[in-house]
Amino acid sequence: MAPVMVRDFAIYDGYLDLTAQRELVEAVQDVARQAPFFRPQTPYGKPMSVRITAAGKYGWFSDRSGYRYVPTHPDGQPWPSIPAPVLRIWDALTGLERRPECCLINHYDAQAKLGMHRDADEADFAWPVVSVSLGDDALFRMGNPTRGGKTQSVWLRSGDVVVMGGAARLTYHGVDRIRPGSSPLLPGGGRINLTLRVVD
Ligand code: SIN
Ligand code: MN
């Protein structure tokens, strides 16, 4: 499948069929049973509107001490391993031998959003970040290598996969809002986004 390129973001529209999406939802539920979703605090002490959890050697974490990768869930347990169907998406779309060490799992409810940011807590930006959308539609905004300037937005739908590599790897991006109730995929509604990251 050839991606649609928007500002060097490779968007694979409808990459996952319904069966594949359901398999991923089950895998995420399994991770969340072992490592429950929690709401991190920003470095400024505000709770984030997304709830997060993770799988892999590392999870992404934020509190007053800043953004960072951590080897354990806030409950002290190591993160569950990254589910096989998630790794298969990485393998198929990147063709890399190297595999991600973190699958960050964001859950967006009707009010949640994610401000413009770059994923910059990893050691080597040569590795891409792969993002998988499940559930409700999300308005995904893509900007520039520095904050501000003109932006371009697309609606990401359930089953879409975005590869942020090359110039897109350090391009600002964010989620303005989701479209509540637009997908019946998640039992509790909302949206789940998986991002696969090479950390070390
Ligand atoms: C992220 O940028 O970390 C998540 C993007 C998304 O939810 O689509
Ligand atoms: Mn990001």
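1. Helices (H or I, at least four residues) and strands (E, at least two) are DSSP runs, numbered from the N terminus. By that definition Ala 35 is in the loop between helix 1 and strand 3. The model is predicted, with local features needing pLDDT of at least 70 and side-chain atom pairs counting only at pLDDT 80 or more, while totals for chains, interfaces and linings use all residues. Residues are numbered from 1 along each chain as its sequence is written, chains are lettered from A and ligands numbered from 1 in the order in which they are written, and side-chain values use heavy atoms, without hydrogens and water.

2. Is Ala 35 buried or exposed? Ala 35 counts as buried, at 1% relative accessibility (buried means under 20% relative accessible area, exposed over 50%, partly exposed in between, with a 1.4 Å probe and protein chains only). Apart from neighbours within four places in sequence, Ala 35 is in contact with Thr 53, Ala 54, His 73, Trp 79 and Pro 80 (contact means heavy atoms within 4.5 Å). From Ala 35 to Arg 141 the C-alpha distance is 29 Å, and the two are 106 residues apart in sequence.

3. Helix 1 covers residues 18-34, which is 17 residues. From first C-alpha to last, helix 1 reaches 25 Å, close to the 24 Å expected at 1.5 Å a residue (the expected span is 1.5 Å times one less than the number of residues). The buried residues of helix 1 are Gln 21, Leu 24, Val 25, Ala 27, Val 28, Val 31 and Ala 32. They line one face of the helix, because seen down the axis they fall within an arc of 165° (the arc is that of the directions from the helix axis to the C-beta atoms). In general, an α-helix has 3.6 residues a turn, so residues three or four places apart point the same way.

4. What do the buried residues of helix 1 pack against? Their partners are strand 3 (51-56), helix 2 (84-94), strand 6 (102-108), strand 8 (129-135) and strand 13 (191-197). On the other side of helix 1, Thr 19, Glu 26 and Arg 33 are exposed.

5. Which residues coordinate the manganese ion (ligand 2)? His 117 (NE2), Asp 119 (OD) and His 173 (NE2) do so, at 2.2 Å. Donors are N, O and S atoms within 2.8 Å of the metal (3.2 Å for Na, K and Ca), and sites may look incomplete because water is not among the atoms. The spacing of the donor residues in sequence is H-x1-D-x53-H. Asp 119 is buried, with a relative accessible area of 6%.

6. The whole structure holds five aromatic pairs (rings of Phe, Tyr and Trp, the last by its six-membered ring, pair if their centres lie within 6.5 Å; planes under 30 degrees apart count as stacked, over 60 as edge-to-face and the rest as tilted). One of them is Phe 9 with Phe 140, edge-to-face, at 5.8 Å centre to centre and 80° between the planes. Phe 9 lies in strand 2 (residues 9-12) and Phe 140 in strand 9 (residues 137-142), so this pair ties together parts that are 131 residues apart in sequence. Both Phe 9 and Phe 140 are buried.

7. Arg 7 has a phi near 50°, a positive value in a residue other than glycine. Most residues other than glycine have a negative phi. Arg 7 is in the loop between strand 1 (4-6) and strand 2.
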